[in-house]
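Work through these exercises with the structure open beside you. Try each task before reading its solution.

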Amino acid sequence: MEELLAASAETAMNEICRRAIREGASDIHIEPGRNDVRVRFRRDGLLEERFLLPKHMAEKLSVRCKVMGRMNVAETRVPQDGSTLFSDGDGEYDLRLSVLPSIYGETIVVRILSGQVDFIERHQLGMLPVQESLFLRCLEGRSGLILTTGPTGSGKTSTLYTALKLLNRPEVNIISVEDPVEYRIGGITQVAVNEKAGLTFASGLRALVRQDPDILMIGEIRDRETAEMAVHAALTGHLVLSSLHTNNASQAPLRLMDMGVPAYLLAAALSLVISQRLVRCLCPHCRRQEGSYFQADGCEYCDGTGRRGRTGIFELLEVTGAVREQIRHTAPPSELHRSMKESGQPDMAEAARTAAEEGRIAASDAAWIAGEAEENAGGS
């Protein structure tokens with residue numbers, strides 16, 4: 001703390017970034033208040049306060065971030081964003097910077113992208129064996145559309161990257177269009193969306209299909225044009241992977257039809273829908289079994305929180321012949337959910353309970369997932 005107070009804005013910002021990287025943070029929040037500047041790190045999905053800096057440092061840190069991100073230093077009235085490469089002793093990191101004017105000064109958020117994620121490298125997403133078997137089988141297909149779904153921050157992109165790592169072989173041409181490129185994979189052509197220059201998901205996808213790809217990854221389906229092109233690519237001999245914002249797997253077909261994709265085309269193209277959530281793991285060093293479940297009281301390894309790292313909780317809807325007929329006839333999500341259960345695949349609530357019984361997550365977190373799943377199913 002003392003070195004931050006005595007340092008220049010450049011040194012202070014570099015030290016904040018270095019500490020965040022050492023602690024495994026995904027984001028840095030620098031928030032000016034009435035009397036001070038609060039610095040928080042996001043670790044395992046939760047924000048934790050790290051420093052309280054003097055109020056006079058707010059403007060200096062804001063200017064420094066704008067210089068790092070090649071923004072307009074003189075502009076303080078509108079939001080700005082930028083990016084920069086940051087070198088640390090352990091490697092090079094891509095920092096995405098966002099500056100937002102607030103009543104007490106400019107709030108800064110820095111997203112830290114390392115380009116390397118251990119659980120992606122090890123293919124450890126957290127799927128149950130029956131889910132992983134289906135996931136790998138669908139990745140063996142030469143064509144079709146595979147979707148990952150869930151709210152923001154549920155790990156959809158990480159699942160897509162894991163799939164690309166598994167598919168990456170010398171005999172196939174894999175191209176992705178992403179916003180942003182969060183994880184670099186050798187042997188794959190990765191294209192970053194640049195809307196200011198006119199490179200959107202849709203325009204990028206139009207160019208990608210002329211590059212003789214075998215496998216396409218579209219970071220997110222956001223509009224009708226992208227959805228139609230993804231379906232068309234899947235129907236013309238490409239394996240297409242993408243993400244979509246829905247609460248559960250059974251809602252995904254209806255969302256795409258709402259975007260304007262005809263039901264008969266979607267039924268023919270869709271292969272697999274994955275829905276997921278990220279949940280904090282119980283600390284492996286201090287967890288202990290109590291009855292059917294596990295508890296963790298906290299230790300030095302987990303900073304007394306009882307949690308360390310995160311894992312995915314999944315449900316997978318395979319588009320079988322019966323499900324294709326249901327999609328073709330615009331069946332409601334509740335019928336698709338029933339078909340998923342009848343095929344032997346656990347839904348989100350069942351997967352969460354299994355993870356709790358195995359000691360990966362807390363029973364309270366499993367109950368939260370189950371409650372949310374029941375609420376979402378009720379709205380289907």
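**Exercise 1. Find how many residues the largest nonpolar core has, and which of them have the most contacts inside it.**

Solution. The model is predicted. Its largest nonpolar core has 37 residues. Those with the most contacts inside this core are Leu 147, Ile 221, Val 240, Leu 256, Leu 266, Leu 270 and Ile 327. Next, ask which element gives the largest share: helix H8 (residues 224-235) does, with six residues. Now take Leu 147 and leave aside its neighbours within four places in sequence. Leu 147 then contacts, among others, Ile 221, Leu 256 and Leu 270. Ser 242 and Ala 252 are also in contact with Leu 147. Finally, look for another core apart from the largest one: there is one of 28 residues, including Ile 21, Ile 30, Met 57 and Phe 86. As background, nonpolar side chains tend to be buried together in soluble globular proteins.

**Exercise 2. Give the strand order of the open sheet of seven strands and name its edge strands.**

Solution. Read the order as S9-S8-S10-S11-S7-S12-S15. The pairing is mixed. S9 and strand S15 (307-318) each pair on one side only, which makes them the edge strands. Neighbouring strands are turned by 20° against each other on average, direction ignored. Leu 145 stands opposite Val 240 in S11.

**Exercise 3. Classify the two aromatic pairs and place each ring.**

Solution. Start with Phe 41 and Phe 51. Their ring centres are 6.1 Å apart and their planes lie at 80°, so this pair is edge-to-face; the cut-off is over 60 degrees. Phe 41 is in strand S2 (residues 36-43) and Phe 51 in strand S3 (residues 46-54), so the pair ties together parts ten residues apart in sequence. Phe 41 and Phe 51 are buried.

Go on to Tyr 161 and Tyr 183. Here the centres are 5.4 Å apart and the planes at 40°, so the pair is tilted. Tyr 161 belongs to helix H6 (residues 156-167), while Tyr 183 is in the loop between strand S8 (174-178) and strand S9 (189-192), 22 residues apart. Both tyrosines, Tyr 161 and Tyr 183, are buried.

**Exercise 4. Find which rings Arg 287 and Arg 308 lie over.**

Solution. The charged end of Arg 287 sits over the ring of Phe 294, 5.7 Å from its centre. Arg 308 lies over the face of Tyr 301, at 4.4 Å from the ring centre.

Methods: Residues numbered from 1 in each chain as written. Predicted model: local features only at pLDDT ≥ 70, side-chain atom pairs only at ≥ 80, totals over all residues. Heavy atoms only, no water. Phe/Tyr/Trp six-rings, centres within 6.5 Å; stacked < 30°, edge-to-face > 60°. Helix = DSSP H or I, 4+ residues; strand = E, 2+ residues; numbered from the N terminus. Buried < 20%, exposed > 50% of the residue type's maximum accessible area, 1.4 Å probe, protein only. Lys NZ or Arg CZ within 6 Å of the ring centre and 35° of its normal. Pairing = 2+ DSSP bridges. Axes fitted to C-alpha atoms, helices over the stretch in contact; angles between N-to-C directions. Core = buried A, V, L, I, M, F, W, Y, C linked by side-chain atoms within 4.5 Å. Contact = heavy atoms within 4.5 Å.
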